[in-house]
Amino acid sequence: MNLVLILMRHAKSSWSNPFLADFDRPLNRRGRQAAIDLGNWLRRESFYPEEVLISGAVRTFQTFESLKLEIGPKYERSLYMAGSDTMFSVLATATRKSVLMIAHNPGIADFAERLVRRCPDHNRFRDYPTGATLVVRFDQERWEDIRPKTGLALRFVIPRELADV
């Protein structure tokens, strides 16, 4: 069986409180709606993760919570502002065939590009805006066997494209 990774950048966060540490910033109204839309899209497209890996930041938790998936997340503090090498290492610890990972830029954009054989034909793929979501399939049987440029990009979407769906 193939492995499927749903790679999502957290939704839009709030900058309204200048005294909050970056780690503690919550989603703003637009971000909460975008995460709800992404959850609806995942269900509509039948992308159901069996395992969820998220950074410990408030905005990644709130993004996950707004997706309304019937699964609990595993917090990986090392995903907070992680580079792509760290993301590869965290993904290698996954034990299920379908994984949702929610993390941050700039690492997530680099990670997404390193994963796929061919980048999706989308003008926002390389900058990976908030809420951007890539679904990628691998022929490998175990996450620890994933190597760069071995994934097949199945879908790439940004929340703006889902607002009217």
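Student: Which residues in H1 meet H2?
Tutor: From H1 come Arg-32, Ala-35, Ile-36, Leu-38, Gly-39, Leu-42 and Arg-43. They meet Thr-63, Ser-66 and Leu-67 in H2. Contact means heavy atoms within 4.5 Å. Helices are DSSP runs of H or I with at least four residues, strands are E runs of at least two, and both are numbered from the N terminus.

Student: What should I know about the model and the numbering?
Tutor: This is a predicted model, so local features need pLDDT of at least 70 and side-chain atom pairs count only at pLDDT 80 or more, while totals for chains, interfaces and linings use all residues. Residues are numbered from 1 along each chain as its sequence is written, and side-chain values use heavy atoms, with hydrogens and water left out.

Student: Back to the helices. At what angle do H1 and H2 pack?
Tutor: About 50°, with the axes 7 Å apart. Axes are lines fitted to C-alpha atoms, for helices over the stretch in contact, and angles run from 0 to 180 degrees between N-to-C directions. H1 and H2 are therefore oblique to each other. Under 35 degrees counts as roughly parallel, over 145 as roughly antiparallel, 65 to 115 as roughly perpendicular and the rest as oblique.

Student: Left-handed or right-handed crossing for H1 and H2?
Tutor: H1 passes H2 in a right-handed crossing. Right-handed means the near helix is turned clockwise from the far one by less than a right angle; anticlockwise is left-handed.

Student: And how do H3 and H4 cross?
Tutor: Their axes come within 8 Å and cross at roughly 65°. That makes H3 roughly perpendicular to H4. This crossing is right-handed.

Student: Which residues make that contact?
Tutor: H3 gives Ser-84, Asp-85, Met-87, Phe-88 and Leu-91. H4 gives Gly-107, Ile-108, Asp-110, Phe-111, Arg-114 and Leu-115.

Student: New topic. How many aromatic pairs are there?
Tutor: Eight in the whole structure. Rings of Phe, Tyr and Trp (its six-membered ring) pair if their centres lie within 6.5 Å; planes under 30 degrees apart are stacked, over 60 edge-to-face and the rest tilted. One of them is Trp-41 with Phe-47: the centres are 5.7 Å apart and the planes are at 50°, so the pair is tilted.

Student: Buried or exposed, those two?
Tutor: Trp-41 and Phe-47 are buried. Buried means under 20% relative accessible area, exposed over 50%, partly exposed in between (1.4 Å probe, protein chains only).

Student: What kind of pair do Phe-88 and Phe-111 form?
Tutor: Edge-to-face, 4.9 Å centre to centre with 90° between the planes. Phe-88 is in H3 and Phe-111 in H4, 23 residues apart. Phe-88 is buried at 13%, and Phe-111 is buried at 0%.

Student: Which rings form a cluster?
Tutor: Phe-125, Tyr-128 and Phe-156, linked by ring pairs.

Student: What sits over the ring of Trp-15?
Tutor: The charged end of Arg-25, 3.6 Å from the ring centre. The test: NZ of Lys or CZ of Arg within 6 Å of the centre and within 35 degrees of the ring normal. Arg-77 lies over the face of Phe-23, at 4.3 Å.

Student: Now the backbone. Which peptide bond is cis?
Tutor: Asn-105 to Pro-106, with omega near 15°. Pro-106 lies in the loop between S4 and H4.

Student: What is the phi of Ser-46?
Tutor: Positive, about 60°, although Ser-46 is not a glycine. Ser-46 lies in the loop between H1 and S2, and is partly exposed at 48%. Lys-149 has a positive phi near 65°.
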